Amino acid sequence: MSLWLSGIGVSRGIAIARVQKMHGGELDIPEYALAANDVDGEVVRFYGAHKRAQEQLREVRARIPENTPSDIAAFIDTHILMMDDRSITDTTVGHIRNERINAEAALRRTRDALIAVFEQMDDPYLRTRRDDVEHVCSRILRILLKSEKQLPTRSEHAEPFMIVADDVTPADIILLSQQQVAAFVTEYGGPLSHTAILARSLGIPAVVGLRDARRLIRENELLIIDGEAGHVLADPDELALQFYRDKQAAQQRHRADLVKLKGRDAISRDGVHIHLLANIEMPEDAKVAEENGAEGVGLYRTEFLYMNRRELPTEDEQYEAYSRIVAAVKGPITIRTLDLGADKQVDSGRSHGPLPTNPALGLRAIRLCLKEPELFRVQVRALLRASAHGKIQIMLPMISNLQEFRQARTLIDSARDELLAEGIACDKHVPIGAMIEVPAAAIAAPILARHARFFSIGTNDLIQYTLAIDRVDDEVNYLYDPLHPAVLQLIRHTIDSGRKAGIPVAMCGEMAGDPRFTRLLLGLGLTDFSMHPASVLEVKQIVVESDIGRLRSAVAELLECEEPQQMRDRIAELDRLHTH
Ligand code: PEP
Ligand code: MG
């Protein structure tokens with residue numbers, strides 16, 4: 001009998017295949033005391049397992065084909081780096097020696113303490129690093145416990161197969177993607193986990209967070225998954241099978257059409273050039289952005305340079321990273337200065353006292369940089385030095401008033417004067433812009449627009465702060481609504497204020513890359529969209545099929561809607577307006 005299940009769709013696409021369950025399972029970690037003369041042997045056993053885990057990851061890294069986008073290899077590099085980080089080995093060996101406990105229990109303590117740090121973080125991207133800690137430690141634990149996960153192998157499966165597992169690590173995904181895997185269903189994980197991001201990059205449909213999946217789904221039964229809707233259908237009847245086969249074929253045709261848009265500019269039917277840019281997290285992503293038809297980089301999240309390490313990155317190291325992006329991207333590059341939360345200083349041994357109870361409202365982003373001008377100065381000098389080689393813009397995160405903007409600009413000016421006095425080249429007129437992601441900044445946009453050279457709307461935070469919902473709290477996720485009238489009014493006001501002041505306004509939050517909102521945003525007058533590289537072609541297709549003049553008048557009326565459903569219906573009508 002058919003069974004409908006529902007999880008979180010994190011990677012689009014329809015897949016139809018038979019199930020292969022992957023038994024990783026939760027690890028049963030024993031704890032026992034060691035006799036004094038067994039301690040040295042236990043340390044040696046731990047180092048041996050750690051070394052084997054390092055080798056395994058390096059083997060996975062070596063198996064990644066040369067032509068694979070570099071962001072995919074970067075996920076494994078993150079795990080290799082984490083594995084090499086002495087804080088895991090030193091702390092674990094410390095537990096073995098000081099508490100005289102076995103290696104598994106000692107490693108569990110290290111893991112739990114690290115996870116606790118990551119779980120406190122308010123930034124969802126940084127919080128997902130908790131999964132990385134879990135994956136890296138589990139790899140060592142499995143070796144210690146001799147319970148290594150068995151991945152299905154190609155010879156067993158001439159046909160594509162569907163993985164159903166508790167969790168899948170990035171390394172598992174890479175190995176499985178080289179086999180015939182059609183899709184993944186996992187019991188854990190969320191849309192921002194590395195596993196989800198990797199599945200999207202590799203184009204493998206995936207549904208995560210489907211609790212009890214392994215219990216409810218049977219080995220070898222036929223499964224349909226819709227990676228967009230998060231639907232899973234086990235043992236489908238003929239009718240359902242035919243419906244999804246048709247849908248799958250239509251999607252394949254659509255993807256083939258999108259590829260044709262790669263080299264084309266995003267020009268609307270009525271001749272408006274819309275700039276489609278990429279959000280990147282690592283310098284290596286810049287190449288992928290270009291390959292996906294982005295005109296440049298609209299948001300480089302530099303905080304990733306500061307992660308998984310104890311020392312802060314030096315000016316030279318940052319200069320090198322920024323210069324690599326400049327070398328890889330022909331178009332403009334907007335680099336955001338450090339957006340760390342108050343909690344993030346733990347990594348580099350910096351601390352401003354106890355962790356705040358509400359870090360999203362605390363000392364984060366530009367607030368932290370203004371409080372720690374030396375931290376800011378090092379980054380700004382590196383940015384300015386890289387600006388000598390390409391078209392860089394500096395973007396300040398979480399600006400909430402004009403004074404912060406002015407203070408930051410003064411620091412940037414003095415870093416520039418310093419460099420020039422040292423005879424070091426830089427672009428003397430690097431545009432400095434503000435992210436509009438705090439409601440106060442959106443409301444005061446006309447004032448900020450007199451001083452900033454550009455705006456970029458960060459809808460992820462703007463929605464969080466406007467609707468008073470923690471963006472990483474699952475309990476209130478249902479309130480997270482980009483179409484809330486208050487959010488749309490703030491977006492419109494920001495775009496209008498920028499236009500009146502003659503400065504460009506971009507959007508770099510998730511909303512900019514969501515094809516459901518493209519026509520709405522075009523109708524609000526947005527001309528610069530920055531998004532995950534994988535969304536660029538989809539958004540481009542909508543742009544080239546849109547008549548922006550028509551959208552502007554339709555959207556002006558739509559903003560009057562009082563009911564959410566009415567609003568959604570009217571947005572769907574914008575699409576129909578263009579397809580008929
Ligand atoms: C945003 O807030 O919309 C944004 C783009 O920044 P981040 O998601 O990095 O906070
Ligand atoms: Mg933000």
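I started at Thr518, which counts as buried because its relative accessibility is 0% (buried means under 20% relative accessible area, exposed over 50%, partly exposed in between, with a 1.4 Å probe and protein chains only). Ground rules for these notes: this is a predicted model, where local features need pLDDT of at least 70, side-chain atom pairs count only at pLDDT 80 or more, and totals for chains, interfaces and linings use all residues. Residues are numbered from 1 along each chain as its sequence is written, chains are lettered from A and ligands numbered from 1 in the order in which they are written, and side-chain values use heavy atoms, with hydrogens and water left out.

Thr518 sits in helix H20 (residues 518-523); helices (H or I, at least four residues) and strands (E, at least two) are DSSP runs, numbered from the N terminus. What does Thr518 touch? I get Phe529, Val539, Ile542 and Val543, leaving out residues up to four places away in sequence (contact means heavy atoms within 4.5 Å).

**Barrel**

Phe529 took me to strand E16, where it stands opposite Met507. Strands E15 (residues 505-507) and E16 (residues 528-531) pair in the parallel sense over two bridges; a pair needs at least two bridges by DSSP. I then traced a closed barrel of eight strands, E9-E10-E11-E12-E13-E14-E15-E16, with parallel pairing. On average, neighbouring strands of this sheet are turned by 25° against each other, direction ignored. Helix H14 (residues 373-387) packs on the sheet, touching E11 (333-336) and E12 (392-396), and its direction makes about 155° with that of E12. For angles, axes are lines fitted to C-alpha atoms, for helices over the stretch in contact, and values run from 0 to 180 degrees between N-to-C directions.

I looked at E13 next. Five of its five residues are buried, so E13 is largely enclosed by the rest of the structure. Ile432, Ala434 and Ile436 cover one side, Gly433 and Met435 the other. E12 and E13 run parallel, joined by three bridges, and Leu396 has Ala434 as its bridge partner.

H18 (residues 459-467) has eight of its nine residues buried, and Ala468, just after it, takes a positive phi of about 55°.

**Elsewhere**

I checked helices H4 (residues 103-119) and H6 (residues 129-145): they pack at about 175°, axes 9 Å apart. That makes H4 roughly antiparallel to H6 (under 35 degrees counts as roughly parallel, over 145 as roughly antiparallel, 65 to 115 as roughly perpendicular, the rest as oblique). Among the contact residues are Leu107 and Phe118 of H4 and Val133 and Leu144 of H6.

Last, strand E3 (residues 14-22) has eight of its nine residues buried. Five bridges join E3 to E7 (residues 222-226), running antiparallel, with Ala15 partnered by Ile225. E3 also pairs with E4 (residues 161-165) in the parallel sense over five bridges, and there Arg18 stands opposite Phe161.
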